[in-house]
Amino acid sequence: MTRAALWFAASLLWSLPGAALADQLPDHPHLYVHGVGEVEFAPQRATFFLDYSGSGPTIDDARQALEPKVAALLRAAAENGIDDSDITAAAASIRPDSEYLDGERVVTGVTASRQVHVTLRNLDRFDALAQAGYGTDPAAMNVRLSGRDDAALAEAQRAAVADARQRAARLADS
């Protein structure tokens with residue numbers, strides 16, 4: 001595809017969303033104003049995302065290096081009152097380890113990896129589970145705090161509408 005044809009295709013794709021919106025806009029002059037509303041509330045759960053890996057000269061060796069780490073996490077989760085339905089473990093992924101010697105790729109071993117997600121609903125156990133998870137030697141561990149508070153959501157929506165009205169009033173006065 002030539003540069004001119006690529007530019008035309010990109011500009012056509014760029015203009016399609018605008019053309020679709022043109023039919024939705026009113027025929028008379030109008031103003032669109034965006035409002036922002038924020039509230040804070042305490043999280044109700046924490047989801048731990050743990051990545052494990054183990055290496056060895058063979059697939060069996062790599063899996064034998066990996067599985068004790070995952071088993072230790074599952075024991076720690078049970079000790080912290082985590083229900084089995086709040087644990088998701090992906091199947092093990094296997095990849096060859098290699099290096100290049102004299103321009104040739106040489107397989108030097110195998111790495112097995114696995115991701116495990118653990119949802120903690122009793123945040124009083126957060127520190128204990130975080131320490132236990134860290135103690136299982138994950139390659140990486142991340143945590144996402146989440147929850148839902150309908151009253152806080154309604155308050156944020158009211159604040160966003162009020163903000164949008166203030167912005168519209170400022171624009172109308174200018």
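Buried means under 20% relative accessible area, exposed over 50%, and partly exposed in between, with a 1.4 Å probe and protein chains only. The model on screen is predicted: local features need pLDDT of at least 70, side-chain atom pairs count only at pLDDT 80 or more, and totals for chains, interfaces and linings use all residues. Residues are numbered from 1 along each chain as its sequence is written, and side-chain values use heavy atoms, with hydrogens and water left out.

Start with Arg95 and Asp97. Their side chains meet in a salt bridge of 2.8 Å, N to O; the term covers a side-chain nitrogen of Lys or Arg within 4 Å of a carboxyl oxygen of Asp or Glu. Arg95 is partly exposed at 46% relative accessible area, while Asp97 is buried at 18%. The whole structure has six salt bridges.

Next, select helix H2, residues 59–79. Helices (H or I, at least four residues) and strands (E, at least two) are DSSP runs, numbered from the N terminus. H2 has 21 residues and reaches 30 Å from first C-alpha to last, close to the 30 Å expected at 1.5 Å a residue; the expected span is 1.5 Å times one less than the number of residues. Its buried residues are Ala62, Leu66, Lys69, Val70, Leu73, Ala76 and Ala77. Their cover includes S1, strand S2 (87–89), S4 and H3. Just after H2, Gly81 has a positive phi of about 75 degrees.

Arg114 forms a salt bridge with Glu67, with 3.0 Å between the closest N and O atoms. This pair joins strand S4 to helix H2 across 47 residues.

Now go to Asp86 and Arg121, another salt bridge, again with closest N and O atoms 3.0 Å apart. Asp86 lies in the loop between H2 and S2, and Arg121 in the loop between S4 and H3, 35 residues apart. Asp86 is buried at 12%; Arg121 is exposed at 52%.

Thr119 is buried at 14%. Beyond neighbours within four places in sequence, Thr119 is in contact (heavy atoms within 4.5 Å) with Arg45, Ala46, Thr47, Ile82 and Asp86.

Finish at the one aromatic pair in the structure. Phe48 and Phe126 are tilted, 5.4 Å centre to centre with 35 degrees between planes. Rings of Phe, Tyr and Trp (its six-membered ring) pair if their centres lie within 6.5 Å; planes under 30 degrees apart count as stacked, over 60 as edge-to-face and the rest as tilted.
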